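Take a moment to look over the sequence and the 3D structure. The paragraphs below walk through them step by step.

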Amino acid sequence: MEDSNQFKRTDINELGEFTLIDHLTFDAILKQPSTIKGIGDDAAVIDSGDHFTLVSTDMLVEGIHFDLAYTPLKHLGYKSVIVNLSDIYAMNGIPTQITVSIAISNRFSVEALEELYAGIHLACDLYNVDLVGGDTTSSQKGLIISITAIGEVEKTKVVYRSGANIGDIACVTGSLGGAYLGLQMLEREKQIYQEHPSVQPQLDEHEYLIGRLLKPEARKDAIAYFEENNVIPSSMIDVSDGLSSELFHLARQSGVGFIIDEDMVPIHIDTQKLAIDFGIDPITCALHSGEDYELLFTIKEKDLEAIRMMPDVAIIGEVVSGSEGLHLRTNSGNKHALSAQGWKHFER
Ligand code: ADP
Ligand code: MG
């Protein structure tokens, strides 16, 4: 194999996560007629005859995605499954199986791994998913968990990132920004504990925010509601990297723009309060922080009434032409350009 890159060294930070993925995968030619959608959505889509199969993989790395100083292993196992199921729901599908691969060092006891798996099994039970395989290997120090989720969707009901049209309405489930503030809270308590080990952490009053980080749920209820009410979103993505980053993906892949109403972006009261305590504008948290695992989707105007009746959903804006770009409209009517700054793991 000829190595034309022999003398060149480009730092991965020069590209950023999404440009790097594009750079590495742009020449992945699809050879199989059954591959309906390859790289670029929340899950790959494969023709399985009478339905489509969905496949999605996510990896969680100790020190990057979680800190065992404040993450109970049972919660970690549960969350590792949830983040993968969320990508299947984001295609309007139903998850059916997972595989779980772990890299572990001898730092971990059998009992500790049993805890991790207690969380994995719990998520499988609650989401009606079977654990059907995986791999176990050693690591030098940290814990790495890689999960692949498999799901299915009726062929006529699959929803891509690329289907938003001008005039559609943008919606998001739940509320945003909470997981990030839960993380800030736990980081602050960890620092206090390291400096003053006798001080007991004050976490009770922040149960909601910490729960958003440590015990997220995937929005299977939203997919069930779409099914019951004959709604097929025109586009959808899960909010793992922050609302603005996900809007950017929908905009780019659908060739559209968005106007989002600042007042309509759902922010829980606890998120608002703690953001202010930390000196952060709550809307900044809601737009730019990750790990909420809500669903961002667009609907056609004809489905607006059905969505107005949907529990725990906010109508946040409208789809405009691509040339208009991405904007946040404040309640005084001013428009600010939105930038897509999601989680950037390489920079940590
Ligand atoms: P998500 O946030 O929904 O998990 P990602 O941003 O991780 O999605 O990935 C975007 C797309 O790029 C997905 O289709 C994913 O499968 C693909 N992808 C990510 N990393 C790689 C890689 N190293 N090689 C091939 N495809 C990748
Ligand atoms: Mg996703």
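Predicted model: local features only at pLDDT ≥ 70, side-chain atom pairs only at ≥ 80, totals over all residues.

Residues are numbered from 1 along each chain as its sequence is written, chains are lettered from A and ligands numbered from 1 in the order in which they are written, and side-chain values use heavy atoms, with hydrogens and water left out.

Start with the fold. The protein has 10 helices and 13 strands. These are DSSP runs, numbered from the N terminus: helices are H or I with at least four residues, strands are E with at least two. The radius of gyration is 21 Å, close to the 20 Å that the globule rule gives for 348 residues, so the protein is as compact as a globular protein of that length. That radius is taken over C-alpha atoms, and the rule is 2.2 Å times the number of residues to the power 0.38. The C-alpha trace spans about 55 × 55 × 50 Å along its principal axes.

Of the 348 residues, 47% count as buried. Buried means under 20% relative accessible area, exposed over 50%, and partly exposed in between (1.4 Å probe, protein chains only).

Now turn to the metal. Asp42 (OD), Asp87 (OD) and Asp238 (OD) coordinate the magnesium ion (ligand 2) at 2.0 Å. Asp42 sits in the loop between β1 (35-37) and β2 (44-47) and Asp87 in helix α2 (residues 73-89), so this pair ties together parts that are 45 residues apart in sequence. Both Asp42 and Asp87 are buried. Donors are N, O and S atoms within 2.8 Å of the metal (3.2 Å for Na, K and Ca); water is not among the atoms, so sites may look incomplete.

Two asparagines come next. Most residues other than glycine have a negative phi. Asn92 has a positive phi, near 70°. Asn92 lies in the loop between α2 and β4 (94-104). Its relative accessible area is 10%, so Asn92 is buried. Asn128 also has a positive phi, near 60°. Asn128 is in the loop between α3 (110-126) and β5 (130-138). At 67% relative accessible area, Asn128 is exposed.

Last, find Ile166 in the loop between β6 (144-153) and β7 (169-173). Ile166 counts as exposed, at 59% relative accessibility. Leaving aside neighbours within four places in sequence, Ile166 is in contact (heavy atoms within 4.5 Å) with Val256, Val319, Val320 and Ser321.
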